[in-house]
Structures are given as structure tokens and as C-alpha cells.
Amino acid sequence: MIDNGYLFAKDNKRIFINTSLGCAGQCSYCYLPKMGYSNSSDNYRTISAQAIIDFIEKNKLDINQKTLITLGCYSECWDEYNKNETISLIKYFLKKGNQIQLSTKKQIIEEELTEILPLINYFGQLVIFVSSATISKHDTVEKNTTPISNRFQNFSLFNSLNIPVVLYMKPVLKGITINDLDLYKKYIEQYKIRDVVVGSIFTNYISEETVHFSNKNELFYTKNSDEDMIISELSKITNVYKRSSEVMYKYNVSNHIEKVKNEVAKLLEKDNSGHGLGHINRVLDLSLKFAEKENANKYIVSLIALLHDVDDYKLFGMENAEKLTNAKRIMDDCNVDKAIQEQVCDAINNIGYSKRLKGHSPTTLEGKIVSDVDMCDALGANGILRVYTYSMKNGKPFFDRNIFPIEDMNAEKYTRKCADSSVCHIFEKILKLKDLMLTDSGKEEAKNRHQIVVDFLYHLFNEENAPEWTEYLNNYLK
Ligand code: SF4
């Protein structure tokens, strides 16, 4: 744990940096005096970016690309006296690949960002938090801070620069912030604000949670009853969070997902066996819909959906399928957390019809969702098209009236050879999938898609004048 006032770090997951200790803002709730620092401009102290960097290096803070850099959490970092130092730090950490959050009550202008913008590598590497605890009482509660009309120009600027910008309604001041609810709603609509953090004030009253940048156990989260009402009302019009770290996590994982998508595209873009990008994108889309309904972790669902075929034995051989070589490499390259990698690999290892025949199935909700969706994509109109594509690739007929399906299918027979015709494959696998669903969403979707395949077969056998196959289908469905 490191704390020199300007920099606080419990570990290398997140560090808090303030390039000043002291502020002329004179907010009534300011934490600086509570932490033993002055919030008067007379005792204004700043630190250079280089001194912070030297401090980090001298203390061997093991900062890596996963370390979240938090600027301005308890002292203004964009004052005239210290904004150049803050800019230098932002440049330093952007070049190192870190994700940065900057909280401010100041208005930032585009010219100040000239050297920063070219260094941003992905959407969400730098996220701006515009603090505001009151609108109508600004003159008394946030006395010497930038007026709201100027401060909120940050939303227009950063939206136009495609940099995420968050309304930071923290702290919620009891009986004050809530009175401006309609005004906040108006600004959220006007500036198209997509993310809002509604957060508790920190006080000396002991509660269950100590403030993350305080090691002295002297500041605690102190929730008040107005917060729930504000969250409930604002959630109707935008995304609302209780912690800034949740917003940073959202942008961090969406960056991971983009990177993973690009890597998967490189591996599967040429596939014409029905496991290509079309299939992956459909599985991702439907999995996210199921995840919403089933209340699952969308990040993990996305990773499983994107990576579930990148080591498929039919495409990449048995050795890669067993070791999950490609999935692991992609997740390592994209900096996915090791614990999440394990969950993803465990799910992928248990997804697939052949694995189900061997008695394996995913155990987590996220794995079950992708398993169901993967099977749903083998049903319905796309399922039929994929079977057709696969038969074209393997030179097997789509329908041969003289070859009937294997009825006692097992894992060994299934992996040993490809079905003699697409219609046999439909009987041997596709029509069984409906009963292998693991989630309610999957069961509902599979029922509809199963019926599409059944209807198709009746039409096919009718057009082929093959009544013996119609009878076979009737018996099969009994
Ligand atoms: S702007 Fe921030 S640091 Fe400055 S007085 Fe207000 S709360 Fe304190």
C-alpha cells in the first residue's frame, strides 16, 4: 500500500492520483479537509507529473496495462495550476496502454487535448467524468467551481470527439441533489448523456464500506435514501451506475470484446463449413438476448460465444480442440483476466453435440446459454442452410432416398464419419437438439426453430414424391 497524498494505491489494480492537494472550489462537501488537506487556494500544493512518475518507479509500483488510473478523485486536476501536469500524466499512461478516468468540475477545451487525442488507442481508454452534486444550488454548495452551463459543455465536446463522458452525480447530497432531478433529466436528454454515476457521500460515520482511496479508516460510504429514488428515475432514460469503476469496467470489457472479435475474424473469415463469422455473429447476438433475459454475465457470454468454434476439431484438428490453443492465445493477447479465461475455457470444453453424446454439458449459466444458442443456430432456416453448405463442402448428397439415418447414434459413430446425406444428418443430430436445451430461453427458441426444420422435411419429401420418408418422419416424431 502506498500513500503520499498525491498518489494512493492499495495494489496494482487501481491507483488514485491527484496533481494538487488544495482547491479553490470551496464545495461544502469537499473531502480535502476531512483527509487533512486544505481546500483553500492559500495552501494550494501541486506536484509535477515527473515527480509522480519518479515516485511510481522508485517505489516499484508494479503497474501494468490492467492497472486503472484514477485522476482527480478528491482534488481538482484541471485547475490552471496543475492541468499541464495532469495532461502529461494522461499522455504517459495512455502510451503505457492504461485505462484512465479523469473526474473534473472544470470545462475542458479541445485545444488542451491536442497531444492527448492521437494517443488514445480504443474507445474507453480515456473516460471523462463531469462532477455535479447540484444544479440550482451551485452558487452556494459548489461555490467557486465552474458554472454548470460551462461545465456541461464537456458533454458536447467529448461526444463530438467520440470519447466517453459520464455525468458524475457524486456525492448525492440529501435534500439537495434530488431537488434538481428534472433539471438533470433535461440535461441528460439535451446532451445525450449515456452513462450516469449516482454515488454516496463519504463521511466519518462508520459504515460497512471504507472509501477506496483512504487507508486510515476515516472516510466511509454513507448512503442516503434519495439515492435510490434518483437511480430509479434516471434509469428510465439512461444507463445508471453506483460506482465509477463499473463504467470503466464496461468500457474495458467492450474493448476486450472488440479485440477478440478481430482475432476471431482472422481465424474464421475464410470458413465455408457453416462455422464461419456468420454463425459466430448470430450466436453472439442471440446469446446476448438470452443473457439479458436470464440475467447472465454478458461479458463472459460474449467471450464464450465468440471463441466457441476457434478450436473446433473439424476445423483445427484434435490437438488444438483438446488444448483450446486459439481461444487461450486470443484471450491472453487481449488481456482477459485469468479467472475469466478459466470459466470461458471450461464452458467451451463442454459445448457441442459430440460432447453431449459423451455426457458432457456446461455447468455455468453463461456456458448453458451459449450451448443453447449454438444448437439453436443449427435449427431453423439458418440451420437448414448450414447443413446444405456443409454437404456441398463434403461432396455428400443433400437427400438420397435409399440411405436411411443411423438410429442408435453415439459419440463414437458421430465423430468417426460424416453423415451419408444431409437429411440423415438432420435426423441423426438436428432434430434431437430441441430436447438438449438447458435454459428456458433456449427451450422456447428451439421449439419454434425445430418446427421450421420439420415443416421443411415434410415439404421436401412431398416434392421428392417420397412417401416412405414422410412415414419415417411421422414415426420419428412420435
Ligand atoms: S472541486 Fe473538488 S477538490 Fe475542489 S473544493 Fe470542490 S470537491 Fe473539493
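A residue is called buried when its relative accessible area is under 20%, exposed when that area is over 50%, and partly exposed in between, as computed with a 1.4 Å probe on protein chains only. The model discussed here is predicted, so local features need pLDDT of at least 70 and side-chain atom pairs count only at pLDDT 80 or more, whereas totals for chains, interfaces and linings use all residues. Residues are numbered from 1 along each chain as its sequence is written, and side-chain values use heavy atoms, with hydrogens and water left out.

Ile 17 counts as buried because its relative accessibility is 0%. This residue belongs to strand E3, residues 14–17; helices (H or I, at least four residues) and strands (E, at least two) are DSSP runs numbered from the N terminus. Contact means heavy atoms within 4.5 Å. With neighbours within four places in sequence left aside, the contacts of Ile 17 include Tyr 6, Leu 7, Ile 52, Leu 71, Leu 89 and Phe 93. Ile 52 lies 35 residues from Ile 17 along the chain, and 8.4 Å separates their C-alpha atoms.

Strand E8, residues 126–131, is mostly covered, with 6 of its 6 residues buried. On one side stand Leu 126, Ile 128 and Val 130, and on the other Val 127, Phe 129 and Ser 131. Two strands pair if DSSP finds at least two bridges between them. E8 pairs with strand E7 (residues 99–104) in the parallel sense over 5 bridges, and Leu 102 has Ile 128 of E8 as its bridge partner. E8 also runs parallel to strand E9 (residues 165–169), joined by 4 bridges; here Ser 131 stands opposite Tyr 168 of E9.

The axes of H16 (residues 380–394) and H19 (residues 440–463) come within 7 Å and cross at roughly 55 degrees. Such axes are lines fitted to C-alpha atoms, for helices over the stretch in contact, and the angles run from 0 to 180 degrees between N-to-C directions. H16 is therefore oblique to H19, since angles under 35 degrees count as roughly parallel, over 145 as roughly antiparallel, 65 to 115 as roughly perpendicular and the rest as oblique. Gly 380, Ala 381 and Ile 384 of H16 meet Arg 449, Ile 452, Val 453 and Phe 456 of H19 in this contact.
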